[in-house]
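Biologist: I would like to learn how to read links between side chains in a protein model. Could we go through some cases together?

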Amino acid sequence: MLPLLFALLLAAAAPAVANDAPAASPVGAANAVSNAASVSVAPRGTVLDGPTLVPIALGSSASINTLDPATLGTVLRHAQGGALMDIAGEPRCAITIHTLRYQTVGGHGEPTDASSVVMLPSGADPACQGPRPVLLYAHGTVLDKQFSMARLNGEARLVAAMFVAQGFIVVAPDYAGYGASSLPYHPYLNAEQQAGDMLDALRAAREVYAQLGVRAAPRLFLSGYSQGGFVALATQRLIERDFAAEFPLVAVAGMSGPYALLQMGDGIFGGQPLLGGTAYLPLVTTSGQRAGAALYASPAELYEPDYAAGIEALLPGAQRFDELVRQGRLPSGALFALDSQPQGQGAAAFFAAHNLVRSSYRQAYLADMAAHPCGAEPVEPAACRAGNGLRRWLARNDLRSYRPRAALLLCGGGDDPVVPFANASAAQRYFSARGAAPLLLDLEAADAAAPASWLAARAGFARAKERVRAEARDKGRDPARAVAEMYHGRLAAQYCVRAARDFFLKAMP
């Protein structure tokens with residue numbers, strides 16, 4: 001039975017894309033909001049279904065309701081040659097998983113539902129008993145519309161091993177548009193919607209704690225990785241602005257998130273595209289269109305004819321990204337045309353035939369950058385009166401827009417090819433200019449005066465990269481490319497999540 005458990009817990013969640021949702025339009029979204037006014041809906045955060053126990057599958061026919069510490073420990077010791085056990089530590093608590101469906105809103109404020117996961121610790125160890133601290137966790141970008149944090153693999157497995165097995169209650173929304181949600185799109189990087197979705201999930205979870213036989217301590221922690229790092233900081237902003245009395249926030253850890261969204265967008269259109277951009281850009285633009293931001297009159301204004309039709313309904317979906325590439329529905333990496341200028345150093349792979357973005361749209365974006373440069377003022381870096389619709393949307397959701405009050409850690413890797421570490425350093429400069437300097441952990445840095453836990457994280461990260469290089473050489477692959485492909489999604493993630501836990505434990509009242 002145990003090998004079957006390995007097959008579930010050691011597998012990474014496979015990304016997938018495409019669905020048959022209708023094309024988005026600001027008018028349609030606005031009508032949905034007005035029509036909803038006449039329909040009776042439950043208050044936000046109300047539990048609509050659940051809690052439902054999620055058995056942990058052991059194969060095609062067997063499952064368990066609770067993952068005990070010994071079994072999880074065995075799994076961790078077999079993962080990555082034991083490296084995952086070294087990172088997470090020996091499990092102390094058993095893990096049980098429940099799902100909820102709750103009331104929330106979409107990107108234009110339209111009523112909808114979403115699902116979330118509540119992971120509970122239990123066991124005889126004192127760390128697993130009594131009122132437990134709560135971690136509200138935001139996951140990274142996925143392209144599979146059926147994704148749920150209830151499946152104990154990939155990121156969910158890491159979070160469960162790192163936090164739940166050490167005594168934290170974890171509430172992890174799947175986000176509107178994923179899992180059991182009926183929303184036909186995802187409000188990707190829509191800061192206000194995603195932050196509100198997070199709090200709606202937490203309110204729903206609090207509604208069922210007693211039913212689940214668990215007590216939550218009045219200590220709330222907040223974290224997330226990649227997209228989730230962005231969502232975590234957006235949620236901190238919302239809590240501290242509007243709900244500080246309701247949610248006693250102790251500490252926040254943002255990990256590898258695109259906080260400086262306008263700066264990152266300007267960098268991409270300025271000639272330095274990033275890995276995964278041909279999937280992430282449609283997610284961003286569909287989100288903006290659904291929120292009424294008018295990024296374009298029609299998709300054909302932004303996207304080349306080969307891709308414009310149906311692109312607003314493509315992500316998230318049911319097909320893997322590589323399948324969409326084979327079908328010609330998205331290019332693999334060619335964001336801009338081969339002759340489109342300027343082109344950044346080392347960015348040639350992103351400029352090729354069969355590109356995604358029309359050169360005319362890129363030139364309009366660049367013209368707006370020249371007319372309305374951003375970032376000159378450290379206290380208001382996104383206040384530059386952008387005229388281009390996409391730049392306005394990025395500026396509206398740029399998180400250099402508040403002063404954190406709870407303790408904040410920003411963690412990431414200086415060589416991240418997907419979400420540049422410049423997001424973290426720019427956010428740190430902004431927050432410092434506002435009088436609230438967060439801790440900034442670059443896994444690539446060499447600072448002998450850093451805390452011992454940071455030095456250990458950096459050393460482990462360096463060893464993990466070298467293992468990937470060695471495995472690539474053994475298989476005749478390019479070691480640098482192998483590291484780049486795993487850098488953001490696995491290598492940096494593991495060590496930042498561990499750093500977040502250490503940070504929270506030190507901040508524990």
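This is a predicted model: local features need pLDDT of at least 70, side-chain atom pairs count only at pLDDT 80 or more; totals for chains, interfaces and linings use all residues.

Biologist: Where do Asp200 and Arg203 lie?

Modeller: Both are in helix α6, residues 191-212. They are separated by about one helical turn, because they are 3 residues apart in that helix. Asp200 and Arg203 are both buried.

Biologist: Which residue in a loop also forms a salt bridge with Arg203?

Modeller: Glu246 does, and the closest N and O atoms are 2.9 Å apart. Glu246 lies in the loop between α7 and β10, whereas Arg203 is in helix α6, so this pair ties together parts that are 43 residues apart in sequence. Glu246 has 28% relative accessibility, so it counts as partly exposed.

Biologist: What about the pair Asp502 and Arg498?

Modeller: Their side chains meet in a salt bridge at 3.1 Å, N to O. Both residues belong to helix α17, residues 479-507, and are 4 residues apart, about one turn of the helix. Asp502 is buried at 17% relative accessibility, while Arg498 is partly exposed at 26%. Elsewhere, salt bridges with shared partners join Arg44, Asp200, Arg203, Arg206 and Glu246 into one network.

Biologist: Which residues does Phe243 touch, leaving out those up to four places away in sequence?

Modeller: Phe243 touches Leu199, Arg203 and Leu238. Phe243 sits in the loop between α7 and β10 and is partly exposed, with 27% relative accessibility. Phe243 and Leu199 are 44 residues apart in sequence, yet their C-alpha atoms are 9.5 Å apart in space.

Biologist: Which strands pair with β10, and in which sense, parallel or antiparallel?

Modeller: Strand β9, residues 216-225, pairs with β10 in the parallel sense over 6 bridges. Strand β11, residues 407-412, is also parallel to β10 and is joined to it by 5 bridges. In β10, 7 of its 7 residues are buried. Together β9, α7 and β10 make a right-handed β-α-β unit.

Biologist: How many disulfides are there, and what is a disulfide?

Modeller: A disulfide is a covalent bond between the sulfur atoms of two cysteines. The structure holds 3 disulfides. Counting bonded cysteines along the chain, their pattern is 1-2, 3-4, 5-6.

Biologist: Why is the link of Cys93 and Cys128 called left-handed?

Modeller: The torsion about its S-S bond is about -95°, so this disulfide is left-handed. Its sulfur atoms are 2.1 Å apart, and Cys93 and Cys128 are both buried.

Biologist: What is the handedness of the link between Cys374 and Cys384?

Modeller: That link is right-handed, with 65° about the S-S bond. Both cysteines lie in the loop between α13 and α14, so the pair ties together parts that are 10 residues apart in sequence. Cys374 is partly exposed at 24% relative accessibility, but Cys384 is buried at 10%.

Biologist: Where are Cys411 and Cys496?

Modeller: Cys411 is in strand β11 and Cys496 in helix α17, 85 residues apart, and their pair links distant parts of the chain. Both cysteines are buried.

Methods:
Residues are numbered from 1 along each chain as its sequence is written. Side-chain values use heavy atoms; hydrogens and water are left out. Helices (H or I, at least four residues) and strands (E, at least two) are DSSP runs, numbered from the N terminus. Buried means under 20% relative accessible area, exposed over 50%, partly exposed in between (1.4 Å probe, protein chains only). A salt bridge is a side-chain nitrogen of Lys or Arg within 4 Å of a carboxyl oxygen of Asp or Glu. Contact means heavy atoms within 4.5 Å. Two strands pair if DSSP finds at least two bridges between them. A crossover is right-handed if, with the strands pointing away from the viewer, the path from the first strand over the helix to the second runs clockwise. A disulfide is a pair of cysteine sulfur atoms within 2.5 Å.
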